[in-house]
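Colleague: I am new to this model. Could you go through it and set each label against its cut-offs?

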Amino acid sequence: MSEELSDEEILSLFRKEESRHYAFNMLVRKYQRRLYSTVRRMVTDPDETKDVLQNTFIKAWNGLDRFREDSQLFSWLYRIAHNESITHLNKMKRGLFTNDALVLDRLTTTLDNSEHFSGDAILKKLQKAVMRLPTKQRAVFNMKYFDEMKYEEMSAVTGTSVGALKASYHIATKKIENWITAPDQTK
Amino acid sequence: MEHLNEADELKRRAPVLFGLPKADPFVVPDGFFDRFPHEVQVLVVARTNSRPTWNLWRRMAIALPAIAIIAGGIWWMQRAPLTPTIAQVEVTPLTNAELDNLDDAEMRVLVEESAPAPDASADLGAVDLQLNDDEVLAYLDNEHADLTELITQE
């Protein structure tokens, strides 16, 4: 990446018709890595991650004219990616896979078979434990544990109160601790 | 400060989780981030180009039924009522003095106009004979009809 424009520069260029596509290209280049990690942790499969990320940026393109600069551009993009990931997982439930257990089975199978996972056994165990969480609790855990977001930011993304997010994260960490320390977990 | 408190809390609540490295274990396919911006750009351009046509069709799909409903409503409001109004014609009967002043031709027209419409079913077998006065007199003579009786008969 040779140069990285500030959010203000990107938005300013985006408002001009002649530099609109260039500005958007810069936006994608700037945030694709961070958003990819966010989506991948939720969706797991690399091809599905790509689809969700494409949808995220297309929605960003459609809505960037209406973006209010009083919020952070990344937080806004993160919120779109979060919503798209949840929508994707819900579609998965409604479609071929009809309940949480089958979705979990599919996600863990994808993880086991994926050549795109470099973690050791304990990291794989951690990922499987995270996958066992309900979808929204998983998103909360990922935001706090991996992305180290503040609760206020998480509240802006999810539309959930700070108190509820703290409670959700607390429960999630307890569940995961119990899972990864349990002696006999075959899956 | 908040972060430290949260870290301490996590360490106390979930020590094994706290001790794990936070490295992202997911490997990104080779060259993904080089290709991805171009792929998104292609999708965006394709959608931008297809939008006007799509918008036109979508607007027409909404507008045409609305126009049909409005036109139907206007037609419904403006159409003729179901029961037609019958024109009231006031007939003023002639006085005796007026009747006395009519000549024979006028009297004949008046009688013909005031006669009730012939029953169509009754006319099915009737023959319209065009007879002159002599022929009529010959017919009556042949039938032995009493002219006086015919004239005074109501």
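Colleague: Which residues of helix 2 of chain A meet helix 7 of chain A, and which residues do they meet?

Modeller: On the helix 2 side of chain A they are A:Thr38, A:Arg41 and A:Met42, and on the helix 7 side of chain A they are A:Arg138, A:Ala139, A:Asn142 and A:Phe146. Residues are in contact if their C-beta atoms, placed from the backbone, lie within 7 Å. This is a predicted model, in which local features need pLDDT of at least 70 and side-chain atom pairs count only at pLDDT 80 or more, while totals for chains, interfaces and linings use all residues. Residues are numbered from 1 along each chain as its sequence is written, and chains are lettered from A and ligands numbered from 1 in the order in which they are written.

Colleague: What makes helix 2 of chain A and helix 7 of chain A oblique to each other?

Modeller: They pack at an angle of about 140 degrees, with their axes 10 Å apart. Axes are lines fitted to C-alpha atoms, for helices over the stretch in contact, and angles run from 0 to 180 degrees between N-to-C directions. Under 35 degrees is roughly parallel, over 145 roughly antiparallel, 65 to 115 roughly perpendicular, and the rest oblique. The two helices are therefore oblique to each other. Helix 2 of chain A passes helix 7 of chain A in a right-handed crossing. A crossing is right-handed if the near helix is turned clockwise from the far one by less than a right angle, and left-handed if anticlockwise.

Colleague: How do the residues of that contact divide by class?

Modeller: Into three nonpolar, two polar and two charged. Ala, Val, Leu, Ile, Met, Phe, Trp, Tyr, Cys and Pro count as nonpolar, Asp, Glu, Lys and Arg as charged, and the others, Gly among them, as polar.

Colleague: At what angle do helix 2 and helix 3 of chain A pack?

Modeller: At about 135 degrees, with their axes 9 Å apart. That makes helix 2 of chain A oblique to helix 3 of chain A. The crossing of these two is right-handed. The residues making the contact include A:Phe24, A:Val28 and A:Leu35 of helix 2 of chain A and A:Val52, A:Phe57 and A:Trp61 of helix 3 of chain A. By class, this contact has 10 nonpolar, two polar and two charged residues.

Colleague: Which residues of helix 3 of chain A are buried?

Modeller: They are A:Thr49, A:Val52, A:Leu53, A:Thr56, A:Phe57, A:Ala60 and A:Trp61. A residue is buried if 20 or more other C-beta atoms, placed from the backbone, lie within 10 Å of its own, exposed if 12 or fewer, and partly exposed in between.

Colleague: Is A:Thr44 buried or exposed?

Modeller: A:Thr44 has 23 other C-beta atoms within 10 Å, so it is buried. Its place is in the loop between helix 2 (20-43) and helix 3 (46-63) of chain A. Most residues other than glycine have a negative phi. Phi of A:Thr44 is near 75 degrees, a positive value.

Colleague: And what about A:Glu148, buried or exposed?

Modeller: It has 12 C-beta neighbours inside 10 Å, so A:Glu148 counts as exposed. A:Glu148 is in the loop between helix 7 (135-146) and helix 8 (151-158) of chain A, and its phi is positive too, near 50 degrees.

Colleague: What makes helix 6 and helix 9 of chain A oblique to each other?

Modeller: The axes of helix 6 (residues 121-131) and helix 9 (residues 162-181) of chain A come within 9 Å and cross at roughly 135 degrees. They are therefore oblique. Their crossing is right-handed. A:Lys125, A:Leu126, A:Ala129 and A:Val130 of helix 6 of chain A make the contact with A:Ile176, A:Trp179 and A:Ile180 of helix 9 of chain A. These residues divide into six nonpolar, no polar and one charged.

Colleague: How many residues of chain A touch chain B?

Modeller: There are 30 in chain A, in contact with 22 residues of chain B. Helix 2 of chain A gives the most to the chain A side, with 10 residues. That side has 14 nonpolar, 11 polar and five charged residues.

Colleague: Why is helix 6 (residues 133-142) of chain B said to lie largely in the open?

Modeller: Because the number of buried residues among its 10 is zero. Just after that helix, B:His144 takes a positive phi of about 55 degrees.

How values were computed: Helix = DSSP H or I, 4+ residues; strand = E, 2+ residues; numbered from the N terminus. Contact = placed C-beta atoms within 7 Å.
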